[in-house]
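This report is a guide for a reader who is meeting the structure for the first time. It takes a few residues and elements in turn and sets out what surrounds each of them.

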Amino acid sequence: MKDLPKRLTQYNQELASRGLRPICRRGFLKIATSTAAGMLLPLSPSCGSEGSDTDDSRPDLKSGDQEDAAIGQTCPDCVTVGIAKENDIVRMVRTSIELTGGLDEIKGGDRVFIKPNISGPIPAICTNIEVVRGVIQAVKKFTDGKYITVAENSALGMSTEDIASVLGFIDLCEQEGVRFFVWESEEYQGFRDERWREITEEKLVPRSLKEMSYDHFINVPVLKNHEKSLLYEIDLTCCMKNFVGLLHYQGEGSRLSPAPFGIHNDKLGEQVAELGCIVPKTTMNVVDATTICLQNGPASLAEEDYYQAGLVLASQDRVACDAVSMAVLKHFGDQNNIDRPYVTNSVLKNSQIKRAIELGLGVADPDLIELVDSGVDEIDGIKEKLS
């Protein structure tokens, strides 16, 4: 269906003329495959359409159209992941966010936390500063910079402010008129969620997070492989793993130590997912996949372990975003002959994704992910790995 985008646009224009919301790409495909090629698609309620049963603008459904109507309603739980590839990183961030629905829910005066990965003084292991710039500028279209905070707590027990200064994040925030905040300078309070299974003790988190002193949380991780070891099973660091930065580094022992004080044991993946309960909703997840670590991550210093993928992904759904990020990692790992289990393992075998689905933190099935791209030549290969 090479003319799919054109047909989908025409179909949605017709829906709009009848007062109905646009149909998602997956719903359109399901309707299209149920009709003869080239025929006009019968109008039916779309994914997420809001027309009521008494809405005169809705077409009458004859008995033969009932199946098509049902097909059009089979995707109410679909979520979108936007993935973009452009030469300009800031523009690429904007494109990826727009592909997944944008930031319209942010209103003037809303308080926004932006959480990048600034884990150490090595640029390759941290979120690209231009990706963070792109996110800041996208948010500033909806609320003033004085309401925006870039916040982080480094992973190495070093001063987050010193690391952020060396990497240019402090200067970036000054240039953009937003605040940079180090969570270790804030009071930490005990937090526990009743849904936790693998995390068996209360965790220390910043007071502002426990008390939800924000209106929107935007997660901005960098895509990296995470090597498995004898201590723990995990192969991806991305959206959910970025929440480790919410924990106090020392607290009652280092967060990098095994339980009971840390989370780095044989259930690391499950515990990473459970940490997501600290932030119940993400307004957007923006993944820096400009340079990705394919092996020996998450803190490799070897140049040959990295690949210039030149991508940015975005989604409101952290689970969907991690699933697609896992597919990206698998695709480029395969293309670069990386000998790691993640290259051939199913996305659903990832322990973080499995546990997050159980917790209801995001999409329940990769089949419900609408992957929409702009300029991504590798999109077919990535889609093939999303299983």
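Leaving aside its neighbours within four places in sequence, Asp322 is in contact with Leu236, Cys238, Cys239, Met240, Gln352 and Ile353, and all that follows, like this list, is drawn from a predicted model. Asp322 has its place in helix 10, a helix that covers residues 318–335. Although Asp322 is buried, it has no salt bridge, and the nearest side chain of opposite charge, that of Arg318, is 8.2 Å away. What the side chain of Asp322 does reach is the backbone nitrogen of Met240, at 3.1 Å, and Met240 is also one of the residues listed among its contacts.

Once its neighbours within four places in sequence are set aside, His331 is in contact with Glu378, Gly381, Ile382 and Lys385. For Glu378, which lies 47 residues from His331 along the chain, the separation between the two C-alpha atoms is 8.5 Å.

**Helix 7 and its two faces**

Helix 7 spans residues 169–176, and within this stretch Phe169, Ile170, Leu172, Cys173 and Glu176 are buried. When the helix is viewed down its axis, these buried residues fall within an arc of 160°, so they line one face of it. The face turned away from that buried side carries Glu174 and Gln175, which are exposed. As for what the buried residues of helix 7 pack against, the partners are helix 5 (129–140), strand 3 (148–152), helix 6 (160–167) and strand 4 (179–182). After helix 7 comes Gly177, whose phi is positive, near 70°.

**Salt bridges**

Side chains of opposite charge can pair when their charged atoms come close, and this structure holds 19 salt bridges. Three of them are set out below, with the distance between nitrogen and oxygen for each pair.

| Pair | N to O distance |
|---|---|
| Glu130 and Arg133 | 3.1 Å |
| Glu176 and Arg133 | 3.4 Å |
| Arg207 and Glu186 | 3.9 Å |

Glu130 and Arg133 both belong to helix 5, where they are three residues apart, or about one turn of the helix. An α-helix has 3.6 residues a turn, so residues three or four places apart point the same way. Glu130 is partly exposed, with a relative accessible area of 26%, whereas Arg133, at 17%, is buried. The pairing of Arg133 with Glu176 leads back to helix 7, because Glu176 lies in that helix and Arg133 in helix 5, so the pair ties together parts that are 43 residues apart in sequence. Both Glu176 and Arg133 are buried.

The salt bridge between Arg207 and Glu186 likewise links separate parts of the chain: Arg207 lies in helix 8 (residues 207–210) and Glu186 in the loop between strand 4 and strand 5 (188–191), so the pair ties together parts that are 21 residues apart in sequence. Arg207 counts as partly exposed at 29% relative accessibility, while Glu186, at 13%, counts as buried. Salt bridges also link Arg197, Glu198, Glu274, Arg355 and Glu358 in a network.

How values were computed
Residues numbered from 1 in each chain as written. Predicted model: local features only at pLDDT ≥ 70, side-chain atom pairs only at ≥ 80, totals over all residues. Heavy atoms only, no water. Buried < 20%, exposed > 50% of the residue type's maximum accessible area, 1.4 Å probe, protein only. Helix = DSSP H or I, 4+ residues; strand = E, 2+ residues; numbered from the N terminus. Arc of directions from axis to C-beta. Contact = heavy atoms within 4.5 Å. Salt bridge = Lys/Arg side-chain N within 4 Å of Asp/Glu carboxyl O. Lys, Arg positive; Asp, Glu negative; His and termini not counted. Polar contact = N/O pair within 3.5 Å; in protein donor to acceptor, adjacent residues only side chain to side chain.
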